[in-house]
Protein chains: 4
Amino acid sequence: MLNFRSDMKVELVDSWGSDEMIARAARVSTNKDSVTQGKIDGLIRYLMRYRHTSPFEHVGATFRLEVPLFVRDQIVRHRTFSYNIRSFRFGEADPEFYVPDEFRHLYNAGSGAHPHLVADHPDGRPLYSTTKEEFMHVARFTWNSYVLMLEFGIAEEVARGVLPTNLYTSMYMTGNVWNWLQFFDKRVSSEGNKPQYEVELVALKALNSLRGQFPVSVKEWEKS
Amino acid sequence: MLNFRSDMKVELVDSWGSDEMIARAARVSTNKDSVTQGKIDGLIRYLMRYRHTSPFEHVGATFRLEVPLFVRDQIVRHRTFSYNIRSFRFGEADPEFYVPDEFRHLYNAGSGAHPHLVADHPDGRPLYSTTKEEFMHVARFTWNSYVLMLEFGIAEEVARGVLPTNLYTSMYMTGNVWNWLQFFDKRVSSEGNKPQYEVELVALKALNSLRGQFPVSVKEWEKS
Amino acid sequence: MLNFRSDMKVELVDSWGSDEMIARAARVSTNKDSVTQGKIDGLIRYLMRYRHTSPFEHVGATFRLEVPLFVRDQIVRHRTFSYNIRSFRFGEADPEFYVPDEFRHLYNAGSGAHPHLVADHPDGRPLYSTTKEEFMHVARFTWNSYVLMLEFGIAEEVARGVLPTNLYTSMYMTGNVWNWLQFFDKRVSSEGNKPQYEVELVALKALNSLRGQFPVSVKEWEKS
Amino acid sequence: MLNFRSDMKVELVDSWGSDEMIARAARVSTNKDSVTQGKIDGLIRYLMRYRHTSPFEHVGATFRLEVPLFVRDQIVRHRTFSYNIRSFRFGEADPEFYVPDEFRHLYNAGSGAHPHLVADHPDGRPLYSTTKEEFMHVARFTWNSYVLMLEFGIAEEVARGVLPTNLYTSMYMTGNVWNWLQFFDKRVSSEGNKPQYEVELVALKALNSLRGQFPVSVKEWEKS
């Protein structure tokens with residue numbers, strides 16, 4: 001009855017504009033909004049290097065996500081996006097829970113403030129099976145409590161207090177290309193930037209989708 | 001050589017989404033993102049009445065404007081939009097100036113803080129011809145000074161200091177539908193809201209363009 | 001060892017400006033930034049009625065909150081505020097959990113989309129004791145699992161996935177007065193606006209604190 | 001009767017918070033909001049290096065500016081600030097105009113898109129006296145036209161169309177420290193960043209004021 005997932009669903013719903021539109025918007029400043037194909041690359045490289053960010057704001061994309069609550073929490077901290085999120089106040093939850101898959105590093109070889117996650121425990125402890133077992137135990141226990149309260153007559157908005165943060169939710173997320181590039185700045189690994197694994201999965205999927213629509217912008221962002 | 005205009009150019013460049021997309025985004029909160037055509041109207045009416053504004057943020061539109069500087073100044077006070085604006089720092093101006101047309105009310109029968117513009121002066125003075133004459137005199141005088149300074153070798157970014165605020169500029173302006181509806185709230189006349197004539201011209205043109213793309217949303221906004 | 005709480009802690013950390021500052025900022029538009037005490041009330045009433053909101057943005061307040069995760073989630077949807085929030089990625093959680101108190105209505109006599117919470121179950125079922133018992137059971141079970149995983153060597157950022165949304169967190173929240181008034185618009189009960197009980201507790205505490213610092217603004221907001 | 005100025009007035013009206021408050025907000029993430037004086041420097045250096053920007057949003061400052069319209073135009077493009085600006089729609093202008101002083105470089109030795117302003121014309125032309133003369137001629141001519149229209153009965157909101165962009169205006173400008181640091185990023189000269197002279201004057205004055213209130217943050221921003 002309970003459903004366990006390890007994936008992050010990141011579905012492109014809509015996108016608008018193009019690299020050419022970015023270039024045209026940039027060129028209004030010198031009153032030459034038409035732009036030849038050959039000039040787009042150089043212009044976007046220039047905009048990216050000197051952080052002339054406003055032209056990237058005229059184009060954008062909407063995604064529909066299915067992610068655990070703890071991933072949603074990190075995502076909504078990016079305040080320049082628009083969100084609509086499934087509510088567990090106005091409707092019942094579904095019994096769908098996240099469990100890490102085998103590729104998820106589970107041991108913190110760094111410190112609290114500077115986590116450095118690695119695959120294996122120094123003593124060879126079975127981290128993966130223990131995590132999976134605990135996540136499944138807790139999902140069953142909390143879900144039973146949630147259902148019991150609902151059946152007893154307790155309101156959804158109260159009963160949800162017992163649900164764990166690995167519960168899945170769904171949401172729409174819309175932003176312009178500059179919003180998305182800043183999201184990738186924070187949520188794709190780089191030197192000195194260590195996002196949480198599950199959030200990076202979301203970022204990488206969105207990045208791949210945007211590469212199709214805005215190939216020059218994504219390429220120049222990756223170089224910079 | 002000088003060009004005088006009275007129009008506000010408001011050209012739809014792109015729009016994305018639809019009333020249906022707004023409805024789908026709204027329904028993710030109760031986990032039913034599909035929506036039948038017949039339900040869109042009622043749902044959007046409900047969202048508008050209770051100011052559930054986030055679903056309107058997933059859809060939007062870009063316009064290209066040609067307006068005088070004093071109109072641009074009022075527009076850019078709306079900070080949730082994205083702009084790219086012609087720069088007179090990085091390029092020379094063109095000699096294009098606004099003059100009011102005959103429909104523009106020129107006499108303030110109200111007070112300073114609460115202007116109430118009417119067509120005729122109480123003494124029957126020729127307001128229109130005087131305004132037109134002064135605007136044209138000033139345009140010629142200031143343009144000559146600007147050109148003289150440029151030819152003398154003074155930088156564009158300095159010489160533009162003499163150009164009047166009725167000079168035309170061009171710009172791209174992008175916002176989501178909620179941004180646009182709030183713009184119309186402030187810049188379309190209503191009881192207790194008296195926008196400047198020229199800015200209202202811009203707002204009404206944008207409103208008409210959006211009515212084509214988002215007919216239900218615009219209709220419900222007008223009713224509310 | 002586990003700590004159960006029913007309160008929302010809302011502590012004023014700092015505030016800046018005053019009703020007089022709001023009035024001065026408003027009057028710069030007519031170039032008269034000085035303002036006599038007697039005129040402040042009328043001016044703020046006028047600003048509130050005609051939604052001239054920018055003067056309220058120059059003054060504001062910071063609070064420190066201690067609230068359950070499900071309350072934090074609703075708060076951070078207000079994107080114009082600034083937040084710093086306790087992370088359970090970079091540090092261990094404390095075993096502090098929310099349980100409803102006796103004043104919390106637990107039965108939904110409305111529908112899912114339009115909850116109307118009342119105190120008593122139609123059949124007289126003991127809602128309060130059942131809720132309390134379930135919340136305490138779940139807190140103990142999930143906390144044990146969390147501690148077990150940490151002791152086994154599993155990273156905090158993973159182990160927190162089993163913690164329920166009634167866990168307490170702490171945060172700083174800063175906004176200008178207009179941000180706060182919009183927050184109260186949504187999170188204080190009114191006709192057609194039914195916020196969740198726990199979030200309204202936060203809003204009412206913040207409102208009371210702001211009344212001390214900005215008495216005219218809060219009074220005029222309450223009237224409007 | 002006409003007043004000519006070359007200065008940018010940048011007056012600190014209010015500021016709130018401190019470097020210590022920034023550090024406390026940062027440390028809520030690890031649940032240790034108290035902070036010893038000795039740790040503030042290191043913590044702020046760390047936040048600046050890794051672009052952890054949210055703690056800088058809880059503290060800020062308000063300034064009152066007197067600047068020409070063309071400077072105001074560049075300032076209000078920074079959309080995260082709050083502004084109240086003198087209106088020439090709801091009140092008459094004062095005859096106060098900007099003229100460059102002798103320190104203002106007037107010759108563009110670069111290109112249009114990449115201006116590089118230097119003091120002297122290659123042929124030794126008297127750039128300064130010519131600019132001053134033209135600015136003063138235009139100020140007198142346009143002011144006479146403006147006054148004539150007002151006296152004839154034409155509304156302020158129309159007549160202002162002839163006023164040049166070197167007219168002075170006044171405004172309140174409020175932002176948090178992170179807003180201000182981003183403003184300085186763009187408006188203080190650095191390699192690859194050439195702001196207009198007059199806007200940089202504003203930025204440098206604001207920067208000096210903030211150094212008094214947030215010495216560690218400003219010092220670390222300057223290093224980064």
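Buried here means under 20% relative accessible area, exposed means over 50%, and partly exposed is anything in between (1.4 Å probe, protein chains only). The model is predicted, so local features need pLDDT of at least 70 and side-chain atom pairs count only at pLDDT 80 or more, while totals for chains, interfaces and linings use all residues. Residues are numbered from 1 along each chain as its sequence is written, chains are lettered from A and ligands numbered from 1 in the order in which they are written, and side-chain values use heavy atoms, with hydrogens and water left out.

On that scale, B:Tyr98 counts as buried at 2% relative accessibility, and B:Phe70 is buried too, at 5%. Their rings make an edge-to-face aromatic pair, 5.7 Å centre to centre with 70° between the planes. Aromatic pairs are rings of Phe, Tyr and Trp (its six-membered ring) with centres within 6.5 Å; planes under 30 degrees apart are stacked, over 60 edge-to-face, and the rest tilted. B:Phe70 sits in helix α3 (residues 69-75) of chain B and B:Tyr98 in strand β5 (residues 96-98) of chain B, so the pair ties together parts that are 28 residues apart in sequence. Helices (H or I, at least four residues) and strands (E, at least two) are DSSP runs, numbered from the N terminus.

Over all chains the structure holds 60 aromatic pairs. One of them, B:Tyr46 with B:Tyr50, is tilted, at 5.0 Å centre to centre and 55° between the planes. In chain A, one aromatic cluster takes in A:Phe63, A:Phe81, A:Tyr83, A:Trp180, A:Phe183, A:Phe184 and A:Trp221.

Turning to the interfaces, 58 residues from chain A and 58 residues from chain C are in contact (heavy atoms within 4.5 Å). Chains A and C bury about 4700 Å² between them, 59% of it on carbon and sulfur atoms; buried area is the accessible area (1.4 Å probe) that two parts lose on being put together, summed over both. In chain A, A:Arg79, A:Arg89 and A:Phe152 lose the most area to chain C, together 13% of what that side buries. Between these chains there are 4 salt bridges, meaning a side-chain nitrogen of Lys or Arg within 4 Å of a carboxyl oxygen of Asp or Glu. C:Arg104 and A:Glu157 meet in a salt bridge, 2.8 Å from N to O. Helix α4(A) gives the most to the side of chain A that touches chain C, with 14 residues.

The A–B contact takes 33 residues from chain A and 33 residues from chain B. About 2600 Å² is buried there, and carbon and sulfur atoms give 48% of that. A:His58, A:Asn84 and A:Tyr172 lose the most area on the chain A side, together 24% of what that side buries. The salt bridge count between chain A and chain B is 0. On the side of chain A that touches chain B, β8(A) supplies the largest share, 6 residues.

Finally, B:Pro195 lies in the loop between α6 (177-187) and α7 (197-213) of chain B and counts as buried at 10% relative accessibility. Leaving aside neighbours within four places in sequence, the contacts of B:Pro195 include B:Glu200 and D:Arg89.
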